Amino acid sequence: MCGIVAYIGPKDATPFLLEGLARLEYRGYDSAGVAVTGRGGGIKLRKVKGRVADLAADVPARFKGTTGIGHTRWATHGVPSDANAHPHLDNAERVAVVHNGIIENADELRAKLTADGAVFRSETDTEVLSHLIAAHLTEGVELEDAVRAALGRVVGTYGIAVLDAEQPDRIVVARNGSPIVLGIGEKEMFAASDVSALVRYTRQVVHLEDGELATVRADGFRTFTADARTTHRQPSTVDWEIDSFDTAGYEHYLLKEIHEQPGSVERTLSGRLDERFATAHLGGLNLDARELREIRRVKILGCGSAYYAGEMGAQLIEELSRIPAHSEPASEFRYRNPVIEADTLYVAVSQSGETYDTLAAVQEIKRKGGRVLGVVNTVGSAIARECDGGIYLHAGPEVSVASTKAFTSTVVAFALLALHFGRIHDLSPADGRRIVSALQALPDQIREVLDQSEAIAELAAEYAESAGMMFIGRVRAYPVAREGAQKLKEISYVHAEAYPASELKHGPLALISPELPTVAVVPDDELLDKNLTTLGEIKARSGRVIAVAHRRPEEKLADHCIVVPKSEPELDPLLLNIPLQLLAYHAAVALGRDVDKPRNLAKSVTVE
């Protein structure tokens, strides 16, 4: 949820720390701080409430050190303030700690440490770690041993980086439920909570596993477990380009990522369509045709937009393969003591591959003997490593907090999975060819929708000041409505609700008035006439209607219409969603919102 960076080597650490934090600011942005040390000893500390730019302006020119750690925060314990910003020091100002996650027994540990003489300067759970580690740093104790001992008393999740002014030749990092990645340079080493902070400096990275620690020195690293057993981690190569983390002339990352969707869809499809047999190649599933035929149902787990993408995926799987499929919030799954069935395939969805709730659901399924596939965007992420197989999206890095291109690529990945299942079951070659052809046409059709961006901006400006919006759709279109409402409220802060269009008359119709516009997703399918009847019910009550449709309804049924190219019915939801991304974006811009960094939210949710 927050961002961690660390550097050790012959150079001044501060420029890397500040640049790395700026690249991680989408993970948390209410306060930031850095701490450095070097051969002269002592820790230099700067931290501020506010953005990384505020921190950079506060760092003096002589703030130098060859070993350093930094953090950008998304508040969990304590309000955003200078005091609550990381890094946190012990009373002797020897130990500095940055931390992502939550220490569940922090109050208990704080009470014991206070009784032993520790004086706390913040409201955070993280400060407990700095005092706890310092308490174990008696004469002759190595920093890694003190960190291991301290973490042995901790209950909770963490990704940490620890600095010791008296041992400036090393940084100790540890992971339990919150990601830590090492970067290997030339006589220098890096660490971060996300590879986006590292790609300018190295492509060779090592992902720590849960329960693993590392001692990082300028000339290399050593990984080990909490009981001091050495582990062996081989570096992997990051294939993301540094240019992927720039706005490329767009006003916001979000607009750039919306416009990157034709390319991201092409990458998700690349090498996976088999025209000869009218199916999809998905070798990463690690399941042969016989095993796939034994699957009797599919359960999809995700959070936020990943959950809504899962709803679209479930619909695709049911329609194309006739296997019962259902999407459920991963955050709720394990708390209802789910029944794990041998003939059910579980699919975990996460852009980052580090979403804590989804990772915990995967681990619960695995513990009970279930089979899990991952649909993730980040190679080497925790969920990707934990699953039995899966599909990488190859959508490219997504920096804006609100997901767009990863969402679209996820739905495309589910279309491939559904096609693969379907052709193994009862989907005919003719229907297979129909879906293959429609998938191949998607990038150009998305470009057609994106060409309407200016017209959608004018429409968004007209409706942006509304107190709220209703989003409706039926069957395939209902998840589109849910994702559209999600996008609008998360980046524009306009209240939005989504309902099945058929449910309006069962309660929500009471809300309809000129002050509450309705965005209606109206595909040209077997339910078109029923949807048009619903629009008539709204207009009869003086409601305003924005239709997202394949053809323009009569003027008496819709005040405005965004016309979307027609695909095959199963894939229509994917295209119908693109205008809703643009509508939310332009509404947020019209309202002057911080589009890429919406209040109270962060990109990668690595805490419960």
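## S513 and its loop

S513 counts as buried, with a relative accessibility of 19%; the cut-off for that label is under 20%. This serine is placed in the loop between β24 (495–500) and β25 (518–522). If we set aside the neighbours within four places in sequence, S513 is in contact with R541, S542, G543 and R544.

Please keep in mind that this is a predicted model. Its mean pLDDT is 93, and 97% of the residues reach 70 or more. Confidence is highest in α18, at 98, and lowest in strand β15 (residues 236–237), at a mean of 86.

## The open sheet

Let us turn to the strands. An open sheet of 5 strands is found here, with parallel pairing and the order β19-β18-β20-β21-β22. Its edges are β19 (325–329) and β22 (389–392); each has a single partner strand, so one side of each is left without a neighbour in the sheet. From one strand to the next, the twist averages 20°.

What joins β18 (residues 297–302) to β19? The two strands run parallel and are joined by 5 bridges. One of the residues to look for is G302, whose bridge partner in β19 is P329.

## Helices packed on the sheet

Helix α9 (residues 305–321) packs on the sheet, where it touches β18, β19 and β20 (344–350). The direction of α9 makes about 170° with that of β19.

Helix α13 packs on the sheet too, touching β18, β20, β21 (371–376) and β22. In this case the angle is given against β20: the direction of α13 makes about 160° with that of the strand.

## One side of α7

Which residues of α7 (residues 261–269) are buried? They are Q261, P262, S264, V265, T268 and L269. These residues cover an arc of only 165° around the axis, which puts them on the same side of α7.

## A485 in α16

A485 is placed in helix α16 (residues 477–492). At 1% relative accessibility, this alanine counts as buried. Leaving aside neighbours within four places in sequence, A485 is in contact with F471, A496, E497 and A498.

I472 gives another reference point for A485: the two are 13 residues apart in sequence, and their C-alpha atoms are 9.3 Å apart in space.

## Cysteines

How many disulfides does the model contain? The count comes to 0, taking a disulfide as a pair of cysteine sulfur atoms within 2.5 Å. C387 is in no disulfide, and the nearest cysteine sulfur, that of C303, is 13 Å away.

Is C387 buried or exposed? At 10% relative accessibility, C387 counts as buried. C561 is buried as well, with a relative accessible area of 14%.

Conventions: Residues numbered from 1 in each chain as written. Predicted model: local features only at pLDDT ≥ 70, side-chain atom pairs only at ≥ 80, totals over all residues. Heavy atoms only, no water. Buried < 20%, exposed > 50% of the residue type's maximum accessible area, 1.4 Å probe, protein only. Helix = DSSP H or I, 4+ residues; strand = E, 2+ residues; numbered from the N terminus. Arc of directions from axis to C-beta. Contact = heavy atoms within 4.5 Å. Pairing = 2+ DSSP bridges. Axes fitted to C-alpha atoms, helices over the stretch in contact; angles between N-to-C directions. pLDDT = per-residue confidence, 0-100.
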